[in-house]
Amino acid sequence: MEDRLRVLFWETTAACNLACRHCRRGEARLSAAPGELSTAEARALIGEVASWARPLLVLSGGEPLTRPDIVELAAFASARGLPVALATNGTMVEPGVAAALKKAGVRRASVSLDGAGAETHDRVRGVEGAFEAALRGLRTLKAAGLGTQVNMTVCRGNRADIPGVFRLAAHEGADAVHLFVLVPVGCGLELARDEALGRGEGHELFSWFHARAGSYGLEARLTCAPQYARFAAERGPAGPPSTTGGSAAGSGCLCGRSVVFVSHTGEIFPCGYLPVSAGSVRLAGLGEIWDKSTVLRSLRDPSRLGAPCKACAYREICGGCRARAYAGSGEMLAGEAGCTPG
């Protein structure tokens, strides 16, 4: 696996208008948090990254549309050659906002749908009416000419909705569905006690995804489930082949290897679910930290993993979820106790 920065997630703000049960943050805020990167600091970050790499820049949050300069920053990044995506809950998307995002060069916007209907989605998102607002936002983004993607955080309470979410996304003309398996961090720590998928449930998800996810005519990706890379390697290409251009894929743990996360205050983490700091963009450029951080460099060395990951024949393509390993042991390089075997 080549250790090149491919995706940069930037938590543009901690503010959000929802109260999601699985949020990676441990608190819900309606307004910006103290110490968030200013417009000038955000421009400096974007410019520095564009000087040495061309990763996909994902503007996330919180809810990024609560940040007044988000369109300006998207345009600034696009002008410097970075492909830009927006990760939103969809509820604040209006036609004028969608048109401005399109003009700013945003290539794709993902909208989170944690259920195929209001009952499940609103329960997870903590606000009545969130589902209808998100669906309206998805339609508005597509009408403005943006690529659209549906993100779903998968747990026990909504896994039965997965086929319905795929059908809904296809019906709405989305380009992709990305499934994120619940990681116990932030608010998700409490939720995970009852809602984290067990080994058998993980295996069932892998089996369904491998057999069916590519059949909806969508780009399908399974994220935060690195063991799927082993599952797919042992079973061969996903199928049956789609007649409408769909595809299904997953990958091993990419944190610190091709993905990095910058918090709203500029702190750098290997991913948004692994709260181990690698430095701060207020103290050094991201390029320097990417190359020299001992935290990031250690994640690129599979020989440093603990058992059972260290001895696994699939450690190069899987590596175990470093965030779950940390949540379970306090050590990011520990073996992942919740490994779902093939």
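**Nonpolar cores and helix packing**

The largest nonpolar core comprises 84 residues, and Phe166, Leu179 and Leu222 have the most contacts inside it. The model described here is a predicted one. Leu179 illustrates the packing: leaving aside residues up to four places away in sequence, Leu179 touches Met152, Val154, Ile162, Phe166, Leu205, Phe209, Arg221, Leu222 and Thr223.

Two helix pairs were examined. On the α1 side the contact involves Thr39, Ala42, Arg43, Ile46 and Gly47, which meet Glu72, Leu73, Phe76 and Ala77 of α2. Sorted by class, the residues of the contact of α1 with α2 are five nonpolar, two polar and two charged.

In the other pair, helix α8 (residues 199-212) and helix α9 (residues 227-235) have axes that come within 11 Å, with a crossing angle of roughly 55 degrees. The helices α8 and α9 are therefore oblique to each other. The crossing of α8 with α9 is right-handed. The contact is formed by His203, Phe206, Ser207, Phe209 and His210 from α8, together with Gln227, Tyr228, Phe231, Ala232 and Arg235 from α9. Of the residues in the contact of α8 with α9, five are nonpolar, four are polar and one is charged. Phe209 of α8, part of this contact, is also among the residues touched by Leu179.

Helix α4 spans residues 118-125, and its buried residues are Thr120, His121, Asp122, Val124 and Arg125. The elements against which the buried residues of α4 pack are β4 (106-112) and α5 (130-143). Just after α4 comes Gly126, with a positive phi of about 80 degrees.

Note on methods:
Residues numbered from 1 in each chain as written. Predicted model: local features only at pLDDT ≥ 70, side-chain atom pairs only at ≥ 80, totals over all residues. Heavy atoms only, no water. Axes fitted to C-alpha atoms, helices over the stretch in contact; angles between N-to-C directions. Helix = DSSP H or I, 4+ residues; strand = E, 2+ residues; numbered from the N terminus. Parallel < 35°, antiparallel > 145°, perpendicular 65-115°, else oblique. Left-handed = near helix turned anticlockwise from the far one by under 90°. Contact = heavy atoms within 4.5 Å. Nonpolar A, V, L, I, M, F, W, Y, C, P; charged D, E, K, R; others polar. Buried < 20%, exposed > 50% of the residue type's maximum accessible area, 1.4 Å probe, protein only. Core = buried A, V, L, I, M, F, W, Y, C linked by side-chain atoms within 4.5 Å.
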